[in-house]
Amino acid sequence: MVSGGASPLVVLLAAAAAVLIALRVSSAFVLPEGLADIKPPFSNPWSAFKNLSGCHFGDERRGLAKLKDYLWHFGYIPEAAAAGRFNDLFDADMELAIKTYQSNFGLGVTGELDVATVTQMMAPRCGVADVVNGTSTMGNSSAVGLRGRGLFSYSPGEPRWSKKTLKYAIATTETSIDRATLSLVFARAFARWSEATMLNFTETASDADADITIGFHAGDHGDGDPFDGPLGTLAHAFTPTNGRLHLDATETWVADGDVTRASSDAAVDLESVAVHEIGHILGLGHSSVADSVMYPTLTSRTKKVNLANDDVKGIQGLYGGNPNFKGVTSPTTSSREMDSAAAVALSRPRYGLVSAAAAAGALALAL
Ligand SMILES: [Zn+2]
Ligand SMILES: [Zn+2]
């Protein structure tokens with residue numbers, strides 16, 4: 001290299017490096033594809049997870065403790081590890097937990113917090129754990145044998161209702177949705193499950209008379225599993241024959257109309273969540289099948305109410321089939337969910353590009 005004047009090649013490389021560095025800096029604050037629904041200033045209890053992208057075993061980064069708390073909440077870190085006392089070190093337990101999570105959600109099992117994994121973890125979801133007593137039930141059901149990865153699961157011990165007709169009551173406190181609309185939404189949601197089985201569901205006005213009680217609750221509501229505000233956990237329900245179904249009162253619930261056209265990016269479809277939670281009420285756990293209603297996450301502004309084959313096999317394994325059942329209606333449509341899954345897949349090469357830009361920047365700086 002000639003000393004004194006910079007050669008045109010060096011100038012060109014330096015300019016390219018400057019552009020790449022600028023790109024990298026701006027990219028650091030751009031959410032991966034598929035996160036459009038939950039980007040700031042949009043409030044989401046898990047949006048800070050985006051800062052943990054790229055973390056792997058041995059790293060120490062602020063915020064990892066919160067992610068451990070998340071993994072603990074959903075059963076991926078053993079119950080014995082107390083919540084709120086986690087540190088920010090990416091240890092072996094965390095790596096193992098992330099591998100199980102990735103396996104459950106059909107992601108590449110890297111044990112690292114890659115973009116696809118972090119994206120999935122930020123998605124709004126059901127508050128019920130995926131792993132119970134250290135055993136991941138998602139995709140492990142023995143009831144129908146192995147059909148490749150991704151299967152329904154049952155609550156531990158496979159509890160179920162012994163009677164065929166169940167009564168449900170809907171509490172209208174803590175929601176502005178009117179009773180008539182709520183009745184319609186839940187009647188449709190229960191019908192999804194009664195069509196496939198010999199179960200019948202009827203609404204009753206009295207809690208005392210009901211097998212299943214449905215209510216909206218905010219924050220800590222006395223069952224040891226507080227809700228967390230908009231998005232994050234959306235709802236949870238108890239196993240048979242408890243019958244409690246709780247919805248986070250602070251969600252932007254859409255009870256009628258087209259949720260995919262909702263004005264709020266935080267809009268959550270009530271009927272979709274109701275169908276999922278009723279699955280828990282009846283004894284189903286989570287499924288690894290992305291288009292099943294028992295899949296743990298539901299992207300905002302998404303409708304997902306049709307049972308998939310996986311859901312039908314699961315519920316019929318507990319209660320038997322309905323001879324009049326016509327089978328699942330088309331592939332379960334869930335456009336936004338599908339878009340989101342595609343976006344996750346697409347985000348991998350995009351992330352690779354950012355890394356390449358960083359590497360090029362480092363190379364240029366060394367010149
Ligand atoms: Zn659930
Ligand atoms: Zn609750």
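Predicted model: local features only at pLDDT ≥ 70, side-chain atom pairs only at ≥ 80, totals over all residues.
View 1. Residues are numbered from 1 along each chain as its sequence is written, and chains are lettered from A and ligands numbered from 1 in the order in which they are written. The mean pLDDT of the protein chain is 81, with 73% of its residues at 70 or more.

**View 2. Strand E7 and its partners.** Strands are DSSP runs of at least two residues (E) and helices runs of at least four (H or I), numbered from the N terminus; two strands pair if DSSP finds at least two bridges between them. Strand E7 (residues 244–248) pairs with E5 (residues 212–217) in the parallel sense over five bridges, and Phe 216 stands opposite Leu 247. Strand E6 (residues 235–237) runs antiparallel to E7, joined to E7 by three bridges, with His 236 opposite His 246.

**View 3. The buried face of helix H3.** The buried residues of H3 (residues 92–104) are Met 94, Ala 97, Ile 98, Thr 100, Tyr 101 and Asn 104, where buried means that 20 or more other C-beta atoms, placed from the backbone, lie within 10 Å of the residue's own. Seen down the axis of H3, these buried residues fall within an arc of 160° (taken from the directions from the helix axis to the C-beta atoms), so they line one face of the helix.

Terms used:
pLDDT = per-residue confidence, 0-100. Expected span 1.5 Å × (residues − 1). Buried ≥ 20, exposed ≤ 12 C-beta atoms within 10 Å, placed from the backbone.
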